[in-house]
Amino acid sequence: MSETLTSTKDLKRTLGFWDLMGASVGQIIGAGIMSLTGVAIGMTGRSVPIAFIVSAIMVVVSWYPATLINSIGRFRGGQYSIIGSLVSEKLTGAWTIIFILRNVSLSMYCLSFADYALPFLPMLPRKSIAIGILVLMYVLNYLGIDAFAKLQNVIVFALVLALTLFSIYGLRKVNMGSYMDDTWMMGGWLGLARSAAQLTFATGGANVIINLSGEAKNPARDIPWVMITSTIGVAVLYAFMATIAAGVLPTHEVANQPLTKVAQTFLPRGLYVFFIIGGAWMALISTLNSQLASCTKPLMQACNDGWLPNKIARLHKKYRTPVILLTIFFMVGLLPIVFNFSISVLSRITSTLGSVTSMFIAAGLLNIKKRYPKQWAKSVLHCSDGMRTFWVVVACLILLMQAILLGSSLPLPMLIGNIVVVVVGFIFAEVRFKSGNVHIENSVEVEE
C-alpha cells in the first residue's frame, strides 16, 4: 500500500524566479485595478493617482519586514511558518482561523470576472458565470503546481500587454490642463486616506508568494526580490491607468464604475475587446489562480502541527495537490457568491483582517537575529538592529491605520463580524493549544 503524503516536505519544488514573478504580478493585477478604481474615485475624485501611489508605498513598507525575513531561508508553511518560528507558536492557531475567512476574497475575483464577462455572455446569469470560473480554476489547480505556473505565465503576458495598450491610448485623451478641478480630493484628506487604504487591496498581493516558499527552487534569493520589484513595477503602471480612469470623463460618470466605462470611450473596437478579455478577464483569472495555488500551503502546515486534522492535508499522489484543502477553499469562495455579498464589502473585510494578520508577521522581524543569527548575518538584506525595529514599528502603524480606516467604513454588522472572527481565532488557539494535540514542528529550512 502506497504512503499517504500530507507534509509540506512533500511539495514539488519547481517554481523559479519568473514563475514566482508571474504569480506575484498576476495576484497584484486583478479585482483591485478593474473594480476598485471607480470606488476610489468616488472617495477622492481625481486625486485617485495619488491614492494609488500612497497605497503602493504603504504596501511596500508594511510588508518590508516580511521581505527581510524571507531572505534567510525556506518557510514551508509560508506566512504561518514565519509566525510559528519567530513570533508565537500559539498565535499560529488564531492566524489559521483568520486566514480562512480572509480568503472570501476568492469570491470577489469571481464576481468581478462575471461583471466583465456579462456583456459577452448576456444569456448567462452573473452568479452562474462567477461560479463557473471558480470551478474552472479549482480544476486547474487540482492538476498541480506545474499546470498553474505554465498557465499563469501566459496569462500575465497577455494582461500586461492589454493594460499597457490602455495606458498608451488613454493618456492622449486626458486633458491635463483641467485635471485638477474641483473634484481633486473631493473627499478631503480623510477620503484620500480611506481610498489609499482600500487600494492596498489593488497594489498589494505580492506577499502571496511567501506561501509558495515550499514549492520554490530558491525562495531565500527569489521571493524578496520578486516582492519588491513586482509591487513597484505594477504601481508605476497603475499610476498611468488611474490618471486615465479619472481624467477622460467627468468624475460623476466614472465614480463607482468599472474601468470598462472609460476604456470603451477611446479604445478602437478590436482593442477594447482585447482589453476586456486580455486585460480584465486575464487579470481576474490570474489573481484567482495565484490565490488558489497558494492559500492551501499554510493550512497544510497547520494540519501537520495539529491545529486541524492532518488527514485533510492529504496530497494527490500524482499531482501533489492538497485536494481536500483546495476543496475547502473552493467552498469559502463559493458561499459569498451564493449569498450575494457586494464586491466593495468583500474587499474591506479581507483588507481589514489582512491588516491584523500582517502585523503578526511584521513583528517576527524583531526576533530574527535571536532565532537565526548566522542566517540573518549572511542575508543580502541584512540591516542594523535599529533599522529592524524602525521597519517593524512603521509597518505596524501603517497596518493599524489601514485596519481602522477600513473597519470604520464597514457596515456595523460586518465590523462586528470581523471582530468576532478575531476573538474566536484567539479562543480557538487557546483551547486547542491546551488540549495537547498541537505539536509545532520546525517548518523552516535554513543553511547552517
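**Close-up views of a predicted model**

The structure holds 12 salt bridges.

**Figure 1. Overall fold of the protein.** The secondary structure comprises 20 helices and two strands. Along the principal axes, the C-alpha trace spans about 65 × 50 × 40 Å. A compact globule of 448 residues would have a radius of gyration near 22 Å, and the value of 21 Å for the protein agrees with this. Of the 448 residues, 60% count as buried. Among contacts with a separation of 6 or more, 85% are between residues 24 or more positions apart. The protein exposes about 17,200 Å², of which carbon and sulfur atoms supply 67%.

**Figure 2. Salt bridge between Arg13 and Glu445.** The two side chains meet at 2.8 Å, N to O. Arg13 belongs to the segment before α1 (17-28) and Glu445 to strand β2 (residues 444-445), so the pair ties together parts that are 432 residues apart in sequence. Arg13 is partly exposed, its relative accessible area being 33%. Glu445 is likewise partly exposed, with a relative accessible area of 28%.

**Figure 3. Salt bridge between Arg76 and Glu445.** Glu445 also meets the side chain of Arg76 in a salt bridge, at 3.2 Å, N to O. This pair links distant parts of the chain, 369 residues apart: Arg76 is in the loop between β1 (74-75) and α5 (79-86), whereas Glu445 is in strand β2. Arg76 has a relative accessibility of 2% and therefore counts as buried, the cut-off for that class being under 20% relative accessible area. Glu445, at 28%, is partly exposed. Both partners of this bridge belong to a network of salt bridges that links Arg13, Arg74, Arg76, Glu441 and Glu445.

Figure 4. The side chains of Lys434 and Glu430 meet in a salt bridge at 3.3 Å, N to O. Both residues lie in helix α20 (residues 412-434), where four residues, or about one turn of the helix, separate them. Lys434 counts as exposed because its relative accessibility is 65%, and the class begins over 50%. Glu430, with 29% relative accessibility, counts as partly exposed.

**Figure 5. Nonpolar patch on the surface.** Met331, Leu335, Val338, Phe339 and Phe341 form this patch, and together they have about 440 Å² of accessible area. One of its members, Val338, lies in helix α15 (residues 323-338). Val338 has a relative accessibility of 35% and so counts as partly exposed.

Figure 6. Met108 is found in helix α7, which covers residues 105-117. The relative accessibility of Met108 is 0%, and the residue therefore counts as buried. Ser35 is 73 residues from Met108 along the chain, and the C-alpha atoms of the two are separated by 9.7 Å.

Technical notes: Residues numbered from 1 in each chain as written. Predicted model: local features only at pLDDT ≥ 70, side-chain atom pairs only at ≥ 80, totals over all residues. Heavy atoms only, no water. Patch = residues over 30% accessible without salt bridge, like charges linked within 9 Å, V, L, I, M, F, W, Y side chains within 5 Å. Areas by Shrake-Rupley, 256 points an atom, 1.4 Å probe, with all protein chains shown as cover. Salt bridge = Lys/Arg side-chain N within 4 Å of Asp/Glu carboxyl O. Buried < 20%, exposed > 50% of the residue type's maximum accessible area, 1.4 Å probe, protein only. Rg over C-alpha atoms; globule rule 2.2 N^0.38 Å. Contact = heavy atoms within 4.5 Å.
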